[in-house]
Amino acid sequence: MAALMDLHTISTYRYAHSRADLRLADGERIVAGGTWFFSEPQVSSTGIVDISRIGWQAFEDLPDGGLRIAATATVAELAEMPAQRGWRAHPLLFQCATALLASFKVWNVATVGGNICRSFAAASMVSLASGLDGSALVWRPDGTDYTVAVADLVTGNGTNTLAEGEVLRAIDIPGYALRARTGFRKIALAELGRSGAVVTGRHDEDGTAVFGITAATLWPTVLRYKGLPDAEQLRADIWSADGYYTDPLGAADWRRGVSAVLAEQIRTELSRPGEGGDAR
């Protein structure tokens, strides 16, 4: 609780143990790990509702062979999850976790849901969910639910479609995506710097190919093809995509260019029978 001493506007702190506890009073904000929330002033917040003790199971099997990831599951739990039923996409869980610029201490506290709800361009769990067609299960304050693709949930660097009082309950990854061959690449201007571009690739059993670009763009860019595209088509689609941006960690043109290079590496990798899951 020592961290709260710096949040001088916070006057209440309570734990949520049920859905009813998630009804927020004016000024209350939900936290799970709180690694971002406690890191800077929160002048518009007067209370905290902590969901770290709500008791959601970190991982659940879905009927189609997919995976439900609780919003309260930590990045470390996801990264260390044992291989399940021969998921070919299993390496992507750890690979995307490594795109989060954080120490092992943060990994053990930061949550999958918190990373997605914060919706930063370089959010590693957005990279994972977007690359694997993940959908967000959202609880409304009136007791109803809805689902939305994570790639559509995130609308900008730090913005999303969640309405006031809505709570991210879980991320569902479909079985077909977990059975796919995958590729992963990331790049940063500094060895320990925030990711400047994260690119994922996926080749499904039905031939569908999906390439995801995050960190380089303000919102997830997902390119979908009936089969693996040729190099020219993939490069053209990446170059024409919207949302590349400039900040102190990279220029927009650099982000666009390296995204095309990394995607081509993945495309080449996935075009070789039996390859995929490169840990770089």
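This is a predicted model: local features need pLDDT of at least 70, side-chain atom pairs count only at pLDDT 80 or more; totals for chains, interfaces and linings use all residues.
Which residue of S7 is the bridge partner of Ala-136?

The protein is divided into domain 1, covering 12–49, domain 2, covering 59–176, and domain 3, covering 180–271. Taken over C-alpha atoms, the centres of domain 1 and domain 3 are separated by 35 Å.

S2 pairs with strand S3 (residues 47–50) in the parallel sense over 4 bridges. Within this sheet, Ile-30 stands opposite Val-49 in S3.

Another open sheet is formed by 5 strands in the order S4-S5-S10-S6-S7, with antiparallel pairing. Here strand S4 (59–61) and strand S7 (145–149) stand at the edges, and since each has a single partner strand, one side of each is left without a neighbour in the sheet. From one strand to the next, the twist averages 25 degrees. Strand S6 (residues 135–139) pairs with S7 in the antiparallel sense over 5 bridges. This brings back the opening question: the bridge partner of Ala-136 in S7 is Val-148. Strands of a sheet pair through backbone hydrogen bonds, either parallel or antiparallel.

The remaining topic is a helix pair. The axes of helix H8 (residues 231–240) and helix H9 (residues 252–270) come within 9 Å and cross at roughly 150 degrees. An angle over 145 degrees counts as roughly antiparallel, and H8 and H9 are therefore roughly antiparallel to each other. The crossing in which H8 passes H9 is right-handed. On the H8 side, the contact is made by Ala-231, Leu-234, Arg-235, Ile-238 and Trp-239. H9 contributes Arg-256, Gly-257, Ser-259, Ala-260, Ala-263, Glu-264 and Arg-267. Sorted by class, the contact of H8 with H9 has 6 nonpolar, 2 polar and 4 charged residues.

Terms used
Residues are numbered from 1 along each chain as its sequence is written. Side-chain values use heavy atoms; hydrogens and water are left out. Axes are lines fitted to C-alpha atoms, for helices over the stretch in contact, and angles run from 0 to 180 degrees between N-to-C directions. Helices (H or I, at least four residues) and strands (E, at least two) are DSSP runs, numbered from the N terminus. Angles under 35 degrees count as roughly parallel, over 145 as roughly antiparallel, 65 to 115 as roughly perpendicular and the rest as oblique. A crossing is left-handed if the near helix is turned anticlockwise from the far one by less than a right angle, and right-handed if clockwise. Contact means heavy atoms within 4.5 Å. Ala, Val, Leu, Ile, Met, Phe, Trp, Tyr, Cys and Pro count as nonpolar, Asp, Glu, Lys and Arg as charged, and the others, Gly among them, as polar. Domain bounds come from an automatic or database domain assignment. Two strands pair if DSSP finds at least two bridges between them.
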